[in-house]
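Take a moment to look over the chain before reading on.

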Amino acid sequence: MEPKFDFVVFDWKGTLEKKGGNKKLRQQKAMDAVKKDLSVLGHDPIHFESVYLSKTKELKHQEAEHLVNVSIRERMDMIFDLCNITSSITRNRIFNIWVKIYMDVDSPEAKLKEKESSSMLAGWKDILRILQNNGIPICLLRNSSLTGEEFQKKIDSKGAGEFFHYERNVVLSGEVGFVKPHPNAFKATLEKCGLEGLHSSNPKRILFVGNETEADVIGSNGMGWSSVLIRTTESSSNGEADYEIDDLMQLKEIVFGSYDLSDSDSDDYSGSDSDDFSDDE
């Protein structure tokens, strides 16, 4: 039996990786570290924090209203300008401190195995390998202010580097300039992953998998694609999604129907990829 779909596009947070719950804590830890460093360098740390909070609030309002996005680098550069921090050495130093703590993209190697098992959804690697081994290309579309290089570190730290690379099949809203559900975010995926032909001829054979009805389901439906809601953060799409699942391995039936894949198509699925919510955002 032929697969029902020719391409699968995934969201990341809440779809492949569990949603963490300590964003505010990491933000405060990052700010404390940055303020300490700024003080040593002769800058006003209190002023920096005030400008950061004000500018972040302003940008979030703009993003929500216009569905546009700026990268975390662009955001920090705006704040540096407003604080009259002109030294490129200082700007890079502060930016790297912030990214390391707030985005947690430089986790120690010793914690890699633990992070893989605790922060990703059960079955994530199995389903990606099944798709890969059966010739179904995959792509990643995420609302994120990280740059491609920064997000790649996170992907690699989760053990997903064999499936995704920012130069090949990863699209980030911060680099595109638009957030889901804006059509331009999805159009960027067509261009990045070479889907223009399939989209023009039979868009329903592109399957989008995400955990948010508005951003993922309605956004992909608007492109004429098929949609899956994985119910990790929402109990229902209220009929908007073509499919709703509670486990990533259910995608096997959606994509291949009753097609009997051999056991060699993936590692034995144990459902033990993840047990506890990660602290990562």
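What follows is a short tour of this predicted model.

## Ground rules

This is a predicted model, where local features need pLDDT of at least 70, side-chain atom pairs count only at pLDDT 80 or more, and totals for chains, interfaces and linings use all residues. Residues are numbered from 1 along each chain as its sequence is written, and side-chain values use heavy atoms, leaving out hydrogens and water.

## The whole chain

The protein chain has 12 helices and six strands. Helices (H or I, at least four residues) and strands (E, at least two) are DSSP runs, numbered from the N terminus. Of its 281 residues, 51% count as buried. Buried means under 20% relative accessible area, exposed over 50%, and partly exposed in between (1.4 Å probe, protein chains only).

Now take contacts (heavy atoms within 4.5 Å). Among those between residues at least 6 apart in sequence, 70% join residues at least 24 apart.

## Aromatic pairs

The structure holds eight aromatic pairs. Rings of Phe, Tyr and Trp (its six-membered ring) pair if their centres lie within 6.5 Å; planes under 30 degrees apart count as stacked, over 60 as edge-to-face and the rest as tilted. Phe186 and Trp225 have ring centres 5.6 Å apart and planes at 80°, so this pair is edge-to-face.

Phe186 lies in helix α9 (residues 183-192), and Trp225 in the loop between α11 (213-222) and β5 (226-230), so the pair ties together parts that are 39 residues apart in sequence. Phe186 is buried at 0% relative accessible area. Trp225 is buried too, at 1%.

## Helix α11

Which residues of α11 are buried? They are Thr213, Ala215, Asp216, Val217, Gly219 and Ser220. These residues pack against α9, β4 (206-210) and β5. After α11 comes Gly224, with a positive phi near 90°.

## Around Gln250

Gln250 is found in the loop between β6 (243-245) and α12 (251-256).

A polar atom of the Gln250 side chain lies 2.8 Å from the backbone nitrogen of Asp246.

Definitions and conventions:
A polar contact is a pair of N or O atoms within 3.5 Å; within protein, one must be able to donate a hydrogen and the other to accept it, and residues adjacent in sequence count only if both atoms are side-chain atoms.
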